[in-house]
Amino acid sequence: MLPEAVRGFWYRLGEAGGRTRRTAWGFVRADARYPLLHEANMAAVLEEWAGLQPEDVRSALLPLLEEAGASHDHVEFWASQASPAVRALRAEGWGEAHDALMGWEGGRPTLPSGPVVVREVSESEPGFLPWYRASRHDFGEQALAPAVVDQLLGRHLEVLRPLGLRWFVGFLDGEMAGLASLVSLDGVRYVDSVVTAPRFRRRGVATATVLRTVRESLATGDRTLHLLAVEGGKPQRLYERLGFRVWGRVVTFNRPRLLAPAPGTGGSS
């Protein structure tokens, strides 16, 4: 069962930027400024509805995607994962991914006393935005197209930053080595963009940055702190060691649209 505080957070975040439409089962949204970004053009199923049909989702989502010129069909099931809609998309051969929804249950954290120095930065920090832009390539196995990175950075600055997005950078040997970010809405926080530059990995950067975000969240009185991690992957095991616990699963389906942008501008998850 999806925690109510988490459900409310994603409804609020779903209303940020572009066009959003609430439905009986969640919401759909699209933003013509960022047609290559999956997270800006998507459906989110947040309510339990055992009889949810694929056409219920398509009829709400596809008109918005077409209007925005989105590159992909993207549907996230935070709930209703046993519904006919999930079975149908799976049978149609959509790309499928599973993330663990994890919440903080570790009490007040003790920050590590190693060489990593973590501090909050802003877009005016010298050298930060070019480094932040380059760090978007370190999340997956393949480098992102330049147009995708441009749109990611634009959305973070134009949509998420005004909502209160905060960046915490871990420094090693005086260099930016890794990052974790926070978004807070109505007392609920989401940890995102946890990344370490390849040459600084296995030196405690992720541990230091994530625990700093936890401390900042608890210090402001937030009642719920959560994040997403690829189910069964190394990040999930790291977060469990730090004090996060699995609260649920998010099943995501994605496929390129028939009328997609030109080759070489593939979207980002």
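Tutor: Welcome! Two rings of Phe, Tyr or Trp (its six-membered ring) pair if their centres lie within 6.5 Å; planes under 30 degrees apart count as stacked, over 60 as edge-to-face and the rest as tilted. This is a predicted model, where local features need pLDDT of at least 70, side-chain atom pairs count only at pLDDT 80 or more, and totals for chains, interfaces and linings use all residues. Residues are numbered from 1 along each chain as its sequence is written, and side-chain values use heavy atoms, with hydrogens and water left out.

Student: How many aromatic pairs does the structure hold?

Tutor: By the ring rule, the count for this structure is twelve.

Student: Which kind of pair do Trp10 and Tyr190 form?

Tutor: Their ring centres are 4.9 Å apart. The planes meet at 75°, so the pair is edge-to-face.

Student: How many residues apart in the chain are Trp10 and Tyr190?

Tutor: Trp10 sits in helix α1 (residues 4-14), while Tyr190 belongs to strand β9 (residues 188-196). Helices (H or I, at least four residues) and strands (E, at least two) are DSSP runs, numbered from the N terminus. The pair thus links distant parts of the chain, and the separation is 180 residues.

Student: Is Trp10 buried or exposed?

Tutor: Buried means under 20% relative accessible area, exposed over 50%, and partly exposed in between (1.4 Å probe, protein chains only). Tyr190, at 9%, counts as buried. Trp10 has 12% relative accessibility, so Trp10 counts as buried.

Student: Which residues form one aromatic cluster with Trp10 and Tyr190?

Tutor: The cluster contains both rings of our pair, Trp10 and Tyr190.

Student: Now helix α3, please: what do its buried residues pack against?

Tutor: Helix α3 covers residues 84-91, and its buried residues are Pro84, Ala85, Val86, Ala88 and Leu89. Contact here means heavy atoms within 4.5 Å. The packing partners of these buried residues are α2 (54-68), β4 (72-77) and β11 (244-256).

Student: Which residue with a positive phi follows α3?

Tutor: The phi value is near 85°. The residue that follows the helix with this positive phi is Gly93.

Student: Stepping back, what is the radius of gyration of the protein?

Tutor: The radius is taken over C-alpha atoms, and the globule rule is 2.2 Å times the number of residues to the power 0.38. With 269 residues, a compact globule would come near 18 Å. The protein agrees with that, because its own radius of gyration is 18 Å.

Student: What share of the 269 residues is buried?

Tutor: The protein has seven helices and eleven strands. Across its 269 residues, the buried share is 53%.
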